[in-house]
Amino acid sequence: MKTIAQIAAELQGYDPQALSVADVHAFLQRLVEPVVATQEVGLFQALGRVLARDVISPISVPSHDNSAMDGYALAGAELVAGQPLTLRVAGSAFAGKPWAGAVARGACVRIMTGAVLPAGLDTVVPQEFTTDAGNGCIRIAADTLKPGDNRRFKGEDLMQGRVALAPGEWLGPAALGLLASLGLETVPVFRRLRVAYFSTGDEILSPGDPPREAAVYDSNRYTVFGMLSRLGVEVIDMGVVRDDPALLEAALRAAAQRADAIITSGGVSVGEADHMRAMMQQLGDMAFWRIAMRPGRPMAVGRIARARASRPAGQQEDAAAPDPGAALLFGLPGNPVAVMVTFLAFVRPALLRMMACTRPAPPLLRAISTEALRKKAGRTEYQRGSVSTAPDGTLHVRTTGNQGSGVLRSMVQANGLIVLHHDQGPVAVGDPVDVMLLDGVL
Ligand code: AMP
Ligand code: MG
């Protein structure tokens, strides 16, 4: 586990007062370590978890060559180019109820989708490409199909003995279905992350508190709760902590004891009267950054050591005892939009890495900006965007009104973030811009 100072020394031109978004990612990549503990869970419990080991396919899926269509199974060798074919229907094969008889030359078998192809037959003619030829026969017009058409091969989805899924795979609905198709009842997954979060600031009210002059109701606790829940981590809600050194210390220590990661909001800007920065510095190994981004900018990152579990009196300290470890700490800014954007840009990828998830982030999409956007080179901007498909099929994007970092409505109305990169300048109407879609993330 590298210290903040060690990581800083590894990074070329590291300047905590002027960090690019790319610098932040490079730093977090070195800071965050994946969990190692695993557990075996039932398939329904595995949704949203991360696979811990290879899953080797115990069977082939499908288990036999079978039909992809409702129609008639035949031997492809009977097809002759330029000539129609008439075949006698010898019997029927249903999914789960195969045709066991032998099939003579000039005969075919009525077959349903998914039914095992009878021995010697390798081609299926869809029902709609046949006509009734009377006397229990069907007729196929010339050149309607090729040998092997509409056949699904044994093991086409998964072959027995092969790796079906690799460790680090995020188990979504498709992966769950695939695991089920192998007949598995349980799967090995990494243990679930525990993430504690609290809001800070003397001006922050909780729901139910009477309104007070110059005070604001806490929204960060709820957006962070929502974003963490979407990630499938175990959340530890610690409410609002007043800007009091003793309360902050107690909250940070309790959070470090219980959680793998801690997320706080507020109190990390330069020139804050708040005690938050000082307390983080005192308890943890921390970096305080000014990031070249908007919204966002101030952010603290580091670790707070977990106290060693107390050992019975008189017992020698065991040198081989597990490392007591430390909780990762993300001190996010206070402004509600800045909290969401820094979470999406940095905390979410860091937590996915900590979950041992190897699935790459979804790619940014390109959309045509239907409005001019002011942008200065030298910082990354995340503007809240409304992305739509134009009649010609291209993606269009416009911003969602007031882009102030406290205006949460801009986030509610957005279905994507317009990512204006570090070196990028102003955007003219009709220019392409990169967009991070929020569907499935928020
Ligand atoms: P700070 O980073 O503590 O200076 O906070 C920046 C701005 O965000 C201030 O206007 C705060 O009142 C506001 N703010 C901080 N925390 C919250 C919160 N939990 N909910 C809503 N607004 C907040
Ligand atoms: Mg404050």
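Visitor: I'm looking at A261, what stands opposite it in β21?
Guide: L328 does. This is a predicted model, with pLDDT of at least 70 needed for local features and 80 or more for side-chain atom pairs, while totals for chains, interfaces and linings use all residues. Residues count from 1 along each chain as written, chains are lettered from A and ligands numbered from 1 in written order, and side-chain values use heavy atoms, without hydrogens or water.

Visitor: How do β17 and β21 pair, parallel or antiparallel?
Guide: Parallel, over five bridges, with β17 at residues 261-265 and β21 at 326-332. Strands here are DSSP runs of E, at least two residues, and helices are H or I runs of at least four, numbered from the N terminus; pairing takes at least two DSSP bridges.

Visitor: What's the strand order in the six-stranded sheet?
Guide: β16-β13-β17-β21-β20-β18, an open sheet with mixed pairing. β16 (234-241) and β18 (284-290) each have a single partner strand, so one side of each lacks a neighbour in the sheet.

Visitor: Switching to rings: how many aromatic pairs are there?
Guide: Two, counting Phe, Tyr and Trp (six-membered ring) centres within 6.5 Å; planes under 30 degrees apart are stacked, over 60 edge-to-face, the rest tilted. F27 and W289 are edge-to-face because their planes sit at 80°, with centres 5.0 Å apart. F27 is in helix α2 (residues 21-31) and W289 in β18, so the pair ties together parts 262 residues apart in sequence.

Visitor: Which residues form the aromatic cluster?
Guide: Y14, F27 and W289.
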